[in-house]
Each structure stands twice: as C-alpha cells, then as structure tokens.
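Welcome! Here is a short tour of some aromatic rings and backbone details. Take a look at the sequence and the structure, and then read on.

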Amino acid sequence: MKKLFREVIVEIELKTILVALLFLICLFVFGYLAHEIVGENETAFDDKVFHFFAGFGTPGFIRINRIVTFFGSSYFSIPAYIILLIILFISGRRTDGINIAIVAITSTALMFGLKEYFHRKRPDLPIIRSLHNYSFPSGHALSSFIFCSVLIYLLWKGGLNNSWKWVLSVLLILFSICIGISRIVLRYHYPTDVIAGFCLALAWVIFSLWLEKKLTPRRVELQLDSRSVS
C-alpha cells in the first residue's frame, strides 16, 4: 500500500513538473517572439512560411481557409460561448459556467491589451481584404485554442469513454491549429503572430486550470457556510 501511495505521489509530482515546464516554455517562446521578431522587426522566418503557403494558393484552398477562419472570429465565438453558458447554467453547472466565462473574458482582454501594446502592423497584400487593427498576437489563434480547450475541459468532465475523449480532444486541437494556419494563408497574420497566439493561449489555459483548482474548493466552502447560516 505504501509503495502504491509513493508511486501515485511521484506521478502527480511528475505531471506537475511537466505542466509547469510547458507553461514556462510557452511564456519563453512568446517573450522571444515579442522581443526578437516584433521588437527587432525580423521577418525572415515569416517570409519563408508565407512563401511555403503561397504554393498552395489555389482558389479552392483559399475558399476552404475562408470558411475555416470564420470559426476563430467573434461572429462565431461570442454566440458559441453564450449558447454554451446557457446550457451549463440550465443543467445546473453554474461553477463551470462562471469559470468558462472568466477565462473567455480575461483572455480576450489580455489579447486586445497586448495588440495595443506591441502595435505590430498586419502583413501587406492580404488575399481577401485589408484589416486595420494590430496583428500581434493572433486573436483567432488565441480565441480558437481557448474555446477548443474549454470544450476539451467539459469533455473530460463528462461520462464519455476515454478513447473517444482522446480522439475528440486531438481533433479539437488540430482544428484550432487549422484556424491559425488559415490566418497565415489569407495573409491576415504573420506566422509568428499565430505561434505567439497559441503559446499565450496554452499558458493562459494552464494558469486558469491551476487557479480553478485553487479557488473552487474555497467557493464550495463559502457556499456551505452561507447555507448553514441561512
């Protein structure tokens, strides 16, 4: 029994270390891109990636990416979050609904704040139309990754078979990556904008999950106290 207990503790500690390391790597990559690429105006990597995707610039490929990029826009995410929150509140999952609303609002505020701070102009010669707000980090990459992470979070709290949970989780992450790629293909974002958006999103998801674990027990205690008083 003691041996099993030690193995469980070691596994938990290893997971904690790996998640913390992933969090730090995301912050490091974001900081590197912000300082070396945006701050120093280095475009060599971005130009190479643009050149690579230019070879796929057929009308059909562009049309597909126009459809895919819609799912990272506010025209999709805002109604999707509203519907999701309504479902959660109706089904009695008020805590989940509050947590998700906080993650969505804070990540959006962070993204707009960083865009205003870095003031990076968008790439020249967009394929569809010009956009006049700032480029770094990619809001589509950040918001789509966080929304897909929210769905994965709810998925793993459900009663679905673990095999299906893994399959659907991988598909959701791949779909968010496709949304990020669509921003590069349409030349709405530099590739480094998209990478930075994903790094920031992953770091924010890790931080939010950590914070939820810290605060949720406290909320439960406060609810129990209020009930006992009443």
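## A charge over a ring

A charge sits over a ring if NZ of Lys or CZ of Arg is within 6 Å of the ring centre and within 35 degrees of the ring normal. Here R187 lies over the face of F50, at 4.2 Å from the ring centre.

This is a predicted model, in which local features need pLDDT of at least 70 and side-chain atom pairs count only at pLDDT 80 or more, while totals for chains, interfaces and linings use all residues. Residues are numbered from 1 along each chain as its sequence is written, and side-chain values use heavy atoms, with hydrogens and water left out.

R187 has another feature to look at: its phi is near 60°, a positive value in a residue other than glycine. You will find R187 in the loop between α7 (162-185) and α8 (191-229); helices (H or I, at least four residues) and strands (E, at least two) are DSSP runs, numbered from the N terminus. R187 is partly exposed, at 23% relative accessibility. On this scale buried means under 20% relative accessible area, exposed over 50%, and partly exposed in between (1.4 Å probe, protein chains only).

## Aromatic pairs

Rings of Phe, Tyr and Trp (its six-membered ring) pair if their centres lie within 6.5 Å; planes under 30 degrees apart count as stacked, over 60 as edge-to-face and the rest as tilted. This rule gives 19 aromatic pairs. One of them joins F70 and F76 edge-to-face, with 6.2 Å centre to centre and 65° between the planes. F70 is partly exposed, with a relative accessible area of 40%, and F76 is also partly exposed, at 24%.

Another edge-to-face pair is made by F118 and F136, at 5.0 Å centre to centre and 80° between the planes. F118 belongs to helix α5 (residues 94-118) and F136 to the loop between α5 and α6 (139-156), so this pair ties together parts that are 18 residues apart in sequence. F136 counts as buried, at 0% relative accessibility.

Which residues form one aromatic cluster? They are F70, F71, F76, Y81, F147 and F175.

## The loop between α5 and α6

The peptide bond from F136 to P137 is cis, with omega near -5°. P137 lies in the loop between α5 and α6.

H119 is in the loop between α5 and α6 too. Although H119 is not a glycine, its phi is positive, at about 55°. Is H119 buried or partly exposed? At 42% relative accessibility, H119 counts as partly exposed.
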